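Open your viewer and get ready to select a few pieces one after another. Here is a short tour to follow.

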Amino acid sequence: FHRLTLSFHLQFTEEKLGQAEKTELDAHLENLLCRAECTKQNTERIMKQTEVLLQPNPNVRIEEFLYEKLEKKVPTRMNNHEVLGLSMIESGSEFGPGTAYGNALIKCGETEKQIGGAEREFIQSSAINFLTPFRNFLEGDFKTILKERKLLQVKRLDLDAAKTRLKKARVPDARAVAEQDLRMTQSEFDRQAEITRLLLEGVSSTHAHHLRCLTDFVEAQTTYYAQSYQYMVDLQKQLGSFPSTFSSNNNQSSSSSGGASISVPTIPLSASMLSPSPGLGLSGFHELRNSSGSRKARVLYDYDAAGSSELSLLADEVIMVSSVPGMDSDWLMGERGTQKGKVPITYLELLN
C-alpha cells in the first residue's frame, strides 16, 4: 500500500515537473468536461444577477442568505411599492378622502400596494421556479460531477504510475506483478471514465430543464409587468375623472392649446395574466353605480365621518352599499343596520 501511495505521489510530482508521461482523456470526454465547467460558471453568473434584480439591496440579500443558512424564516417586510402606498394612503386620509387631493392620494396608494403585491408574487415565483433549480444544479449535480472527476484524476494517476513501474521492472517476477497492476488500474480507470462520461452527458438534460425554468421566469415577468401596467391604466383613468383644475400641467396645457384629450393605451391581457382578487375591483363599482341594487362591501380602513351625512367605518367590517342618483362618483350610500350615510369608495372592497 505504501509503495503504491509513493508511486502515486511520485507520478503526480513528475507530471508537474514535465518528467513523466500523462494519459490524456479522449476528446469527447474533454469536451464534456469543458461544457460542464462552462455551464457551472454561467449558471452562477445568471443566478447572481437574477438575485440582484429581485433584491437590489445588498444588505437585505446578505441578511436573507444568513437566514437561509441558519434555516430560519426570513422576516416579512414591505417592499418599496407597499411602503409608498401606505404613506400615500395615510397622507390622503389626513387631507380627507372628500378632498380631490386626499382622494387621489388614497387611490394612488392603493395602486402602489397592488403593484407591491404583484412584485411580491413575481419574486416568489422566480425564486421557486427559476433560482431554486439553478441552485440545485450547483449544489447537487455539479458537486457530484466534481467528485467523480476528482476520482477519475486519481484513477488516471494510478494508471500512469503503474505504466511507469512496468517500464522500470527488470526482473520477470517484478514485470509480472507490474503487468497485473497495470491491467487492474486500466480497468478501474476505464470504469471511472465511463461513470464520469454518463454524468457529464446528463448536462444536456440540465440545459433542457433550465430552458423550461427560463420560460417560467419570462412568463412570471410578463404577468408582473402586465398586472402593473393594467393597475396604472386603471389609476390613470380614475385620476382623469377629476376636475380640470386638479389635472396635471401637461393635461392643462394640452386642453388649453387644442382641447384634445389624452387617450390611455390598452393592451390585451389574458385571464391567466391577472391574478384574481377577492373583491370585484373597479368594474364592480362601475356596475353598482349603474344599477339600483346593493352589494356587500368590506371596509379596508377606519374612517371618521366628517358630517352627519356620512357614516363612520371600522376596518374589516362588512356593510351594505348602494348608489344614489346624483351622488358624487367617489361616494356610495352605506348601511349598517339602522345607520345610514355616505362612505368613500376608496375605503371599500366589494365582495362577490
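Start by selecting helix α2, which passes helix α5 in a left-handed crossing (the near helix is turned anticlockwise from the far one by less than a right angle). Helix α2 covers residues 27–54 and helix α5 residues 100–168; their axes come within 10 Å and cross at roughly 150°. That makes α2 roughly antiparallel to α5 (the cut-off is an angle over 145 degrees). The residues of this contact comprise 15 nonpolar, four polar and six charged ones.

A word on what you are viewing: this is a predicted model, where local features need pLDDT of at least 70, side-chain atom pairs count only at pLDDT 80 or more, and totals for chains, interfaces and linings use all residues. Residues are numbered from 1 along each chain as its sequence is written, and side-chain values use heavy atoms, leaving out hydrogens and water.

Next, select Phe122 and Tyr224. Their rings form a stacked aromatic pair, 5.2 Å centre to centre with 5° between the planes (rings pair if their centres lie within 6.5 Å, and planes under 30 degrees apart count as stacked). Phe122 lies in helix α5 and Tyr224 in helix α7 (residues 203–240), so the pair ties together parts 102 residues apart in sequence. Both Phe122 and Tyr224 are buried (under 20% relative accessible area, with a 1.4 Å probe and protein chains only).

To see one aromatic cluster, show Phe122, Phe130, Phe134, Phe217, Tyr224 and Tyr225 together.

Definitions and conventions. Axes fitted to C-alpha atoms, helices over the stretch in contact; angles between N-to-C directions. Helix = DSSP H or I, 4+ residues; strand = E, 2+ residues; numbered from the N terminus. Parallel < 35°, antiparallel > 145°, perpendicular 65-115°, else oblique. Nonpolar A, V, L, I, M, F, W, Y, C, P; charged D, E, K, R; others polar. Phe/Tyr/Trp six-rings, centres within 6.5 Å; stacked < 30°, edge-to-face > 60°. Buried < 20%, exposed > 50% of the residue type's maximum accessible area, 1.4 Å probe, protein only.
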